[in-house]
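Subject: Structure handover

Hi,

Here is the structure for your files. Please open it alongside this note.

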Amino acid sequence: MEPIRVLLADDQALVRAGFAMMLSVEEEIEVVGQVANGRDAVGFAAANPVDVILMDVQMPVLDGIRATEQVVAAGTAKVIILTTFERDDYLFDALRAGASGFLLKNADPDDLVAAVHAVACGHALLAPEMTVRVIERFASQQRDETAAADAAGPASPVPSPAARETQKLLDSLTSREREVLVNVAAGRSNAEIAAGMFVAEATVKTHVSNLLAKIQVRDRVQAVVFAYESGLILAGDKPAAD
């Protein structure tokens with residue numbers, strides 16, 4: 001099998017060197033390039049075969065969020081954002097930009113390797129702790145929107161075309177698929193969902209695959225965003241206990 005081709009994008013040379021050293025011992029991973037800003041990351045991925053980009057957020061010329069948007073739009077590579085829990089806004093913006101995963105800069109070598117493998121195979125990395133961060137962010141946004149609506153007084157809002165399309169996608173799900181989506185948004189694994197729904201894990205995998213196709217998202221990370229943006233789950237809601 002061909003090795004997983006990784007591009008390192010970080011404006012700190014020592015950080016790039018550290019990640020390169022950790023990945024260099026893996027036969028199944030090849031670091032094909034290192035860049036110091038988002039613009040060069042976009043350009044490198046467009047000109048060279050790259051499977052996964054480890055993308056810092058704060059970089060000169062073009063930041064990691066905007067670079068991720070361009071890479072995802074072009075379909076040239078999957079992106080793992082290098083992040084810290086202290087910056088929830090980065091996490092939220094990276095989700096919207098299309099990142100497939102998040103990795104702490106102080107991650108252990110084993111976690112780094114596992115992340116690269118997972119994203120290269122089409123999986124998404126959204127740990128339960130990060131799911132909580134996303135929910136908190138949506139909760140704050142919903143509170144702001146509710147306060148703004150109350151201040152504006154009663155009205156009869158007309159749904160935007162985007163809102164109507166989102167509702168159409170949500171309506172395309174079966175009741176079982178909606179139940180699975182709620183559990184995915186709660187950060188549960190396929191095994192945990194299967195146990196709670198009293199079905200085989202293979203059945204859950206099928207439901208997940210079907211619902212991702214129906215709501216037109218690439219992975220579980222984007223499914224979490226959809227679940228909250230569509231109103232299927234309101235921030236603060238908790239799925240029924242297993």
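This is a predicted model: local features need pLDDT of at least 70, side-chain atom pairs count only at pLDDT 80 or more; totals for chains, interfaces and linings use all residues.

Residues are numbered from 1 along each chain as its sequence is written, and side-chain values use heavy atoms, with hydrogens and water left out.

Helices (H or I, at least four residues) and strands (E, at least two) are DSSP runs, numbered from the N terminus. Buried means under 20% relative accessible area, exposed over 50%, and partly exposed in between (1.4 Å probe, protein chains only).

Cores. A nonpolar core is a set of buried Ala, Val, Leu, Ile, Met, Phe, Trp, Tyr and Cys residues joined through side-chain atoms within 4.5 Å. The largest one holds 28 residues; L7, A9, I53, M55, V71, I81 and F102 have the most contacts inside it. At least two residues each come from strand 1 (4-9), helix 2 (38-47), strand 3 (52-55), helix 3 (64-74), strand 4 (78-83), helix 4 (88-97) and helix 11. Helix 4 gives the largest share, five residues. A second, separate core has 23 residues, including L181, M197, V204 and I233.

M55 is worth a look. Leaving aside residues up to four places away in sequence, M55 touches A9, A41, G64, A67, T68, V71, V79, I80, I81 and L82 (contact: heavy atoms within 4.5 Å).

Strand 1. Five of its six residues are buried, so strand 1 is largely enclosed by the rest of the structure. Strand 1 pairs with strand 2 (residues 29-35) in the parallel sense, over six bridges; pairing requires at least two DSSP bridges. A9 stands opposite V35 in strand 2.

Pocket. The second largest pocket is lined by 15 residues, with I215, Q216, V217, F226 and E229 nearest its centre. Helix 4, helix 7 (161-171) and helix 11 each give two or more residues to that lining. A pocket here is an open set of points on a 1 Å grid over the protein atoms alone, where a 1.4 Å probe fits, with protein on both sides within 12 Å along at least five of seven lines; lining residues have an atom within 4 Å of a point.

Loops. Q216 has a positive phi of about 60° although it is not a glycine. Q216 sits in the loop between helix 10 and helix 11 (220-229) and is exposed, at 60% relative accessible area. F198 also has a positive phi, near 60°. F198 lies between helix 9 (190-197) and helix 10 (201-214) and is exposed at 75%.

Best wishes
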